[in-house]
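The sequence and the model come first.

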Amino acid sequence: MKSKTIKVDYLARVEGEGSLFVKIKDGRVTDVALKIFEPPRFFEAFLRGRKFIEAPDITARICGICPVAYQMSACHAIEDAFGVQVDHPIRELRRLIYCGEWIESHALHVYMLHAPDFLGYEDAIRMAKDHSGVVERGLRLKKAGNEVMSLLGGREIHPINVRVGGFYKVPSKQELAGLAEKLKWARDAALETVRWVATFPFPAFERDYEFVALRHPGEYPMNEGRLVSNKGLDISVREYDQHFAEEHVARSNALHSVLKERGSYFVGPQARYSLNFDKLSPLAQDAARAAGLGTECRNPFQSVIVRGVEMVYACDEALRIIGGFQMPERPAVEVEPRVATGYGCTEAPRGILYHRYRLDDHGVILDAKIVPPTSQNQKTIEDDLRQFVTANIEMPAEKLQWQCEQAVRNYDPCISCATHFLKLHIERQ
Amino acid sequence: MSTAQPDIRIIGIGNAYRSDDGAGIAVAKRVRERITDGAAIIEQSGDGAALLELWKGAGTVILVDAVHSGEAPGTVHRLDACAAEIPSRLFHYSTHGFGVAEAVELARALNQMPARLIVYGIEGKNFGAGVALSAEVEEASAAVTLRILNEVRSLKEGNP
């Protein structure tokens, strides 16, 4: 029997470390094991016994790329527990800071991590040598997102201005107006981005995914909504634990999130887009159509276009919020602790991020549960790889490795909170 | 005494909740306690791409991050990034997918390097979840802090 083992270098350009193992025997894929995610058990334990007010700041440390998402899910969960409703301008500012994080995170992924795959560069540094203008545009776009985050969050990485009930300090109208000028440039740059990535070569690959995202009657989802899918799921965030489970995977420390009834599912920009196309702004919809996307997108390699479209939307939405902003009477509403359990789920750049807290009457956290998007996509990524390798089994080893890495990066897996680098092994027997 | 303050930025990188990965942050905090003016001290946890912004327009940048290259825990590397490429093997054990080595090389490709860029790498032992530094890394962090204070003093006196 022909036996061949290919040990491949770490998968760079993914936050953190993990390993991907593909086993091929007699021309068939016999095993795919992806270990990129460690659940944030340390943080869940670290939160126990702490006051509710600390939760947004502590959980923001879980990820260097999406601190706002952790803050938002923590705030919403605790406000759910204590029956707090924030004022409209605060709700708008939360959406604005989230726009900043989407722009920042998507620009990083599209330009620095994903585009080099499509253009045949090993990394963004080599790409920058040939396309410095493009890379500079990506960095400036990312910076525009950072500026939104730092104005509202106090600091761009690990913002400290977000609190349960609102903000510690609200920016002035003048400060917001200063952002608007930069966001107008960013919106044009995002439109350019969509036109650029639409020209990339995309492997023909589609699957009948179950997309899961928030859906809100009045807006493209960020902070609020019901959890829906294209296969009939339609629940409130409070019902999450009744429908989703985390399964231990015997061969690793990883947990796979599954829908109890149907198994693997898909979260992130492509799921949001496919379930909420009608809620995008006309500009974002037009950009998507011009890039050749329909109202649903099932090719995960095209996620790079969807991220571009979401950047257009985030800039557009940020400008809408700034244009109509009225100063709130107070930066935060009063929060009165009570014995309760609270549930929060918001749309992190990479997909739904679920938090649950049980609290006592002094506002002390008795237990916490956090399910990040990357853990939810892990099983779907494995399923993609199984199908992709099966369909391309005759591909030269080097090209197959390249495209497997690219297939993982389709999901922008964020594992900065977990391990450090991903080793890819393809074993042929 | 020099009248023109040198524009010095000291950037500590890492995640304080990933044990030894927090070495750079620990050094930044220690340096901040000892320097009152003449240098900006920045703690940064996140992606390398943000570093290009942080050092824009700076004269001298001193970066500190945890590394994992297989040498003994607590080993200190000092690299002059303007003089030679940063070996990316050093920084792959950083929690930043687009890390320090990538940021430096990208800056070089885009002509966005600061005039002077010194990188300190501290060999870590434990990168698991946790808030404490290993004893070796704790000791190395104190040593790197002193070395940085000396460098800053020389720069201010005009003998880099």
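## Helix H3 of chain A

The expected span of a helix is taken as 1.5 Å times one less than its number of residues. The model discussed here is predicted. Helix H3 of chain A covers residues 67-82. With 16 residues, H3(A) reaches 23 Å from its first C-alpha to its last, close to the 22 Å expected at 1.5 Å a residue.

A residue counts as buried if 20 or more other C-beta atoms lie within 10 Å of its own. In H3(A), 15 of the 16 residues are buried, so this helix is largely enclosed by the rest of the structure. The residue that follows H3(A) is A:Gly83, and its phi is positive, near 65 degrees.

## Packing around helix H4 of chain A

Two packed helices are described by the angle between their axes and the distance between the axes. For H3(A) and H4(A), the axes come within 9 Å and cross at roughly 150 degrees. Angles over 145 degrees count as roughly antiparallel, and H3(A) and H4(A) are therefore roughly antiparallel to each other. The crossing in which H3(A) passes H4(A) is left-handed.

Helix H4 (residues 88-119) of chain A also packs with helix H6 (residues 132-153) of chain A; their axes come within 8 Å and cross at roughly 155 degrees. H4(A) and H6(A) are therefore roughly antiparallel to each other. The crossing of H4(A) and H6(A) is left-handed. What kinds of residue make up the contact of H4(A) with H6(A)? The contact residues divide into 16 nonpolar, 5 polar and 3 charged.

## Helix H11 of chain A

Helix H11 of chain A spans residues 303-323 and has 21 residues. From its first C-alpha to its last, H11(A) reaches 30 Å, close to the 30 Å expected at 1.5 Å a residue. Is H11(A) largely enclosed by the rest of the structure or largely open, and why? Of its 21 residues, 18 are buried, so H11(A) is largely enclosed by the rest of the structure.

## A sheet in chain A

Strands of a sheet pair through backbone hydrogen bonds, either parallel or antiparallel. In chain A, an open sheet of 3 strands has the order S11-S12-S13, and the pairing is antiparallel. Strand S11 (340-348) and strand S13 (365-371) of chain A stand at the edges with a single partner strand each, so one side of each is left without a neighbour in the sheet. From one strand to the next, the twist averages 15 degrees.

Strand S12 (residues 351-359) of chain A is joined to S13(A) by 6 bridges, and the two run antiparallel. Among the residues in these strands, A:Leu359 has A:Ile365 in S13(A) as its bridge partner.

## Chain B

Chain B contains 5 helices and 5 strands. Along the sequence, the pattern of chain B is β-α-β-α-β-β-α-α-β-α. Of the 160 residues in chain B, 52% are buried.

Helix H1 (residues 23-34) of chain B packs with helix H5 (residues 135-156) of chain B at an angle of about 45 degrees, with their axes 9 Å apart. That makes H1(B) oblique to H5(B). The crossing of H1(B) and H5(B) is right-handed.

B:Ile25 lies in helix H1 of chain B. B:Ile25 is buried, with 23 other C-beta atoms within 10 Å. B:Ile25 and B:Ala115 are 90 residues apart in sequence, and their C-alpha atoms are 23 Å apart in space.

Methods
Residues are numbered from 1 along each chain as its sequence is written. Chains are lettered from A and ligands numbered from 1 in the order in which they are written. This is a predicted model: local features need pLDDT of at least 70, side-chain atom pairs count only at pLDDT 80 or more; totals for chains, interfaces and linings use all residues. Axes are lines fitted to C-alpha atoms, for helices over the stretch in contact, and angles run from 0 to 180 degrees between N-to-C directions. Helices (H or I, at least four residues) and strands (E, at least two) are DSSP runs, numbered from the N terminus. Angles under 35 degrees count as roughly parallel, over 145 as roughly antiparallel, 65 to 115 as roughly perpendicular and the rest as oblique. A crossing is left-handed if the near helix is turned anticlockwise from the far one by less than a right angle, and right-handed if clockwise. Ala, Val, Leu, Ile, Met, Phe, Trp, Tyr, Cys and Pro count as nonpolar, Asp, Glu, Lys and Arg as charged, and the others, Gly among them, as polar. A residue is buried if 20 or more other C-beta atoms lie within 10 Å of its own, exposed if 12 or fewer, and partly exposed in between; C-beta atoms are placed from the backbone. Two strands pair if DSSP finds at least two bridges between them.
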